[in-house]
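Trainee: I am new to this structure. Please pick a part and take a close look at it with me.

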Amino acid sequence: MYKVLKATFITIWSLFVLFPIMWAITTSFKPESAVVNGATFIPFLEFQPSLIGWKAILPGPDSITNLITPTLNSFIVTAGATAISLIFGSLAAYGLSRFTYGWKNYSNADIIFFFVSQRIMPPVVLAIPFFLLLKELKLLDTHLGLILVLTSGLMPIVVWLMVDFFNALPREIDEMAMLEGCNPIQAFFRTILPLSKPGLTVAGMFCVIFGWNDVFFALTLTATKVLTLPVAVIALNGTVTPYWILAASTVFSIIPLVGLAFVIERFLSRGNLGGAVR
Amino acid sequence: MAKITLSNIGHSYNKDKDQSTWALKPLDMVWESGKTYALLGPSGCGKTTILNTISGLVTPYQGRLLFDDQDVTDIPTAQRNIAQVFQFPTIYRSMSVYENLSFPLVCRGWKAEKIKARVHEIAEILDITDKLGRSAVKLGADEKQLISLGRGLVRDDVSALLMDEPLTVIDPQSKFELRKKIKAINKINNLTVIYVTHDQYEAMTFADELLVMSFGEVIQRGTPEQLFEKPNSKYVGNFIGSPAMNFLPVEAKSNEIYFGSTKLKTGSANAQTQGKAMEVGIRPEYISLATGAGENVIEAELLGHDDLGSVRVLKCVSGGFPISVKIPRSQGLPAGKSLLLKLPAEKTWLYQDGHLA
């Protein structure tokens, strides 16, 4: 009885979660007629699949917009911000995990909270300061400008996750490395980092997801020369909403993340996390 | 190898001004090059703090540390060239056994062929040559500890080898083997070794000198024999030896010592005896069963005995105070409950307020 209930619940929940995605996928293959005349679900039975939505977003004769360049932009911005956040975030986290910093009554815990508090602030508060800052630095509408702004939001996540991860690694490992002749930086790169792949993977995944999906800063700080994928997708909306094109572009823009999720899931389940705990 | 000098070294983890709370109370000590020392004491008595101070993992709150004549107090751990083995095996999980053993040499920028030769030499001594290619994570606890030890030994120029209860996690059978290996290695390399343990047998089998510690202070320093024969305090008498030393409260009357109504002679020169709690201490090993009254013979009642293989420990009580007596098994158990115990004067020491008079 309990099992049946559980299975029922899981089924309903899965449908609830997957339904929008399934709907987006089917809609992306619908012609206009199948969208505007009431809801249809089953291809070939209720509607004839068509590639009109996909043709509109990919290069070709029927293209109304080209999503390849925004994809590249998104890729550059996400990869850049993730790399910077991981490198400097994990270094900061290692320092906060292993050494004591302080000024008056403030100590490591306060510094960590300071990092995390960057995420408490609503991004809209930062829009104007960032705009003025980037304008001053001549970085408006550039890859680097957006990378730096995103990094300021992603680094706290990395620091926060990695401090906990490093705290869980036995301190004796880096003490031993220092006894054997490493300075703290060498100890980190040679002994701690190789053990930190699972933590870095998780932190990196968060960075990629947040970076890839960022609309707000991309919309306010870049838009013309550096058009990112989410902004390009939004721009497709017109007075008459072309649902089939929007659905196709949405599906198109989540493909890289879904692919990444599969890769990472395999990587994590290979027991890499298992070795992370003493 | 280096002579290690602790000059007024003291440490407080929370930087408390009150010295009585310090993890390590100010201490002056010299450790000679090439000798093996054991730090002995209960958990939390400051043994590990001393080790970490020497290796630089802890910077002492006060005092200076010298290797030979060089002041190393402010020199970072990496440059002190100390080998340390921790209580729990510490291995680099991402590396193979070979990589683990070669790591300290790689850090020092040795040439590849030289590293290979040295690693194989150490692996030979530790008898792990066949495991060099394996991943270090997959080994058992005792093998991991061997590798930790090997990493300490692979450098041929270490200032000292510090071992912090290295055999705690090892099962008893491997313990014996490992102990033998450690001893052999100490002999070969003529290292300055500081060995922390709370196991007195381990300490006594390893060390040239023992240091008994309590609450951040060194209570007594000496050879195993000195500590056993003439402990300088009740604490050491209780800590070293199994069963512990017997202590009997005594009274002084006109420069003579009485236990109840029996006059006792002791090996201690009679000291000032006014207003102090006085006790005599004697090892259970030195008490013998007497057949008739005589000098230093007291009456006791036998309560029971523990059988320890070749010896028996008789549990007695005299004047309401417990006394343990160790007799060889061949002697047989005494008939009857009433015993006469002979306390040889030259093995009986007088203690005042817990300290040797």
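Mentor: Start with chain A: the centres of its domain 1 and domain 2, taken over C-alpha atoms, are 33 Å apart. Domain 1 of chain A covers 2–50 and domain 2 covers 68–276; such bounds come from an automatic or database domain assignment. This is a predicted model: local features need pLDDT of at least 70, side-chain atom pairs count only at pLDDT 80 or more, and totals for chains, interfaces and linings use all residues. Residues are numbered from 1 along each chain as its sequence is written, while chains are lettered from A and ligands numbered from 1 in the order in which they are written.

Where the domains of chain A meet, seven residues of domain 1 are in contact with six residues of domain 2 (contact: C-beta atoms, placed from the backbone, within 7 Å). On the domain 1 side, α1 (2–28) and α2 (32–36) of chain A each give at least two residues (helices are DSSP runs of H or I, at least four residues, and strands runs of E, at least two, numbered from the N terminus). α1(A) has the largest share, four residues. By class, this side has three nonpolar, two polar and two charged residues (nonpolar: Ala, Val, Leu, Ile, Met, Phe, Trp, Tyr, Cys and Pro; charged: Asp, Glu, Lys and Arg; polar: the others, Gly among them).

Now the partner chain. The contact between the chains takes 14 residues from chain A and 19 from chain B. On the chain B side, α2 (77–80), β6 (82–85) and α3 (97–107) each supply at least two residues. That side holds 11 nonpolar, five polar and three charged residues.

Chain B has nine helices and 22 strands. Of its 357 residues, 39% are buried (20 or more other C-beta atoms within 10 Å of the residue's own, with C-beta atoms placed from the backbone; 12 or fewer is exposed, in between partly exposed). Helix α1 of chain B (residues 47–55) is largely enclosed by the rest of the structure, because nine of its nine residues are buried. Among them are K47(B), I50(B) and L51(B). G56(B) follows α1(B), and its phi is positive, near 95°.

Finally, look at a helix pair. α5 (residues 141–153) and α6 (residues 172–189) of chain B pack at about 10°, with axes 11 Å apart. D142(B), L146(B), L149(B) and L153(B) of α5(B) meet S174(B), L178(B), I182(B), I185(B) and N189(B) of α6(B). This contact has six nonpolar, two polar and one charged residues.

Key: Contact = placed C-beta atoms within 7 Å. Axes fitted to C-alpha atoms, helices over the stretch in contact; angles between N-to-C directions.
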